Amino acid sequence: MSFDDIPESIEDTPVLIIQPPSIPAAIPVVPPIIPDPIEPEDALSIFQKKFAAKLEERRLNEAEIEKTTRAKAHDDLQNWTAQRDVRLNAKKESNRSEEQVLLESIQSEEEVGNAWERVTKLIDISAEADTKKSDVSRMKKLLIQLKNEPIKA
């Protein structure tokens, strides 16, 4: 073959056209049926199938148990939150009323002229002295004396 035999353009090259054989219209085309692979039924494969089924059953049971547990926990949390809100509101209300009573008592004590009376109301005189702490009986006596006989200044 020489360089003279090579065509200069693609248009000059001969084209080979291959047509598929014609299929008669009367014969339908059906893909071949491949049979399912036959699995050996030995002891290991039987055990693996049973074990896989058992694991799937356990997984479904655990999922159901987890779902019910989560629902119960959610309900318990809502109940606890509601009870906590009730307790907090009750405590707030009692604190407000106690504060109001305290403010009224402080205001009424300011009107009283004897300052030592106010001091003795702040101190629990009837309480017993603790043995581990220092003795404060002398101080209590002094405060009681000052309450009854105020210093004239």
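**Aromatic pairs.** I searched the whole structure, which is a predicted model, for aromatic pairs and got 1. The partners are Phe47 and Phe51, with ring centres 5.8 Å apart and planes at 15°, so I logged the pair as stacked; the cut-off for that is planes under 30 degrees apart.

Where do Phe47 and Phe51 sit? I found both in helix H1, residues 43-111. They are 4 residues apart there, about one turn of the helix.

**Helix packing.** Next I turned to H2 (residues 115-122) and H3 (residues 137-148). Their axes come within 8 Å and cross at roughly 145°. I noted the H2 and H3 crossing as left-handed.

Which residues make the contact? From H2 I listed Trp116, Glu117, Val119 and Thr120. From H3 I listed Leu143, Leu146 and Lys147. Sorting the H2 contact with H3 by class gave me 4 nonpolar, 1 polar and 2 charged residues.

**Whole protein.** I then stepped back to the overall fold. I count 3 helices and 0 strands, and reading along the sequence I get the pattern α-α-α.

How much of the protein is buried? Of its 153 residues, 5% count as buried. For the accessible surface I have about 15,100 Å², and 60% of that belongs to carbon and sulfur atoms.

Key:
Residues are numbered from 1 along each chain as its sequence is written. This is a predicted model: local features need pLDDT of at least 70, side-chain atom pairs count only at pLDDT 80 or more; totals for chains, interfaces and linings use all residues. Side-chain values use heavy atoms; hydrogens and water are left out. Rings of Phe, Tyr and Trp (its six-membered ring) pair if their centres lie within 6.5 Å; planes under 30 degrees apart count as stacked, over 60 as edge-to-face and the rest as tilted. Helices (H or I, at least four residues) and strands (E, at least two) are DSSP runs, numbered from the N terminus. Axes are lines fitted to C-alpha atoms, for helices over the stretch in contact, and angles run from 0 to 180 degrees between N-to-C directions. A crossing is left-handed if the near helix is turned anticlockwise from the far one by less than a right angle, and right-handed if clockwise. Contact means heavy atoms within 4.5 Å. Ala, Val, Leu, Ile, Met, Phe, Trp, Tyr, Cys and Pro count as nonpolar, Asp, Glu, Lys and Arg as charged, and the others, Gly among them, as polar. Buried means under 20% relative accessible area, exposed over 50%, partly exposed in between (1.4 Å probe, protein chains only). Accessible areas come from the Shrake-Rupley method with a 1.4 Å probe; for residues, only the protein chains shown count as cover.
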